Amino acid sequence: MGIYRDMAAGAVAGAAGTTVLNTITYLDMAVRGRPASSLPEQAAGAVSERLHVGLGEEEDARSNREQGLGPMLGILTGVGVGLAYGLFRHAVRRRVSLPAAATGVGVAAAVAGSAPMTALGLTDPREWGVSGWMADLVPHLGYGLATVAAFELTRNHR
């Protein structure tokens, strides 16, 4: 039964981490005056095409659905990486340092978010530059810290 509890705790921790990632991202947008990324909605459109799932014939409706589905893919990724961390922590019973675990989880989330978009040809991380990498890594490291901390808090209070 413990594995299911750790999976659930990981998923909930991933949702908390996703909230922190979004908060850091929106704060960066507000401070620097930068626009939102269109990659999540582009990914939603590309995935729907690959799966042969229509999002509607009307351009406005299709665009609106992509704008709704894009962030949902991000939430799914965040919850999924958290769930994977719960499985990892269930299997690895010894204590993992917070900085190491947070960095690992943050990098895993960054890869899980960027790899599909790279594979779909929507982005190329080699062309991001320092500003682009920072805009991606800082929120993901925040995600990792929040996810690990939330998981460990729930795990220690059973």
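The largest pocket here holds about 1,200 Å³ of space. This is a predicted model, where local features need pLDDT of at least 70, side-chain atom pairs count only at pLDDT 80 or more, and totals for chains, interfaces and linings use all residues. Residues are numbered from 1 along each chain as its sequence is written, and side-chain values use heavy atoms, with hydrogens and water left out.

**The pocket**
- A pocket is an open set of points on a 1 Å grid over the protein atoms alone where a 1.4 Å probe fits, with protein on both sides within 12 Å along at least five of seven lines; lining residues have an atom within 4 Å of a point.
- The lining counts 40 residues, and Leu 21, Ser 37, Leu 39, Pro 40 and Met 117 lie nearest the centre.
- Helix α3 gives the most to that lining, with nine residues (helices are DSSP runs of H or I, at least four residues, numbered from the N terminus).

**Salt bridges**
- There are eight salt bridges in the structure, each a side-chain nitrogen of Lys or Arg within 4 Å of a carboxyl oxygen of Asp or Glu.
- Asp 28 pairs with Arg 32, their closest N and O atoms 2.6 Å apart; the two sit four residues apart in helix α1, so about one helical turn separates them.
- Arg 126 meets Asp 124 at 2.9 Å, N to O, and Arg 126 is exposed, at 74% relative accessible area.

Note on methods: Grid points are joined across faces, edges and corners, and a volume is the space filled by probe spheres set on the points. Buried means under 20% relative accessible area, exposed over 50%, partly exposed in between (1.4 Å probe, protein chains only).
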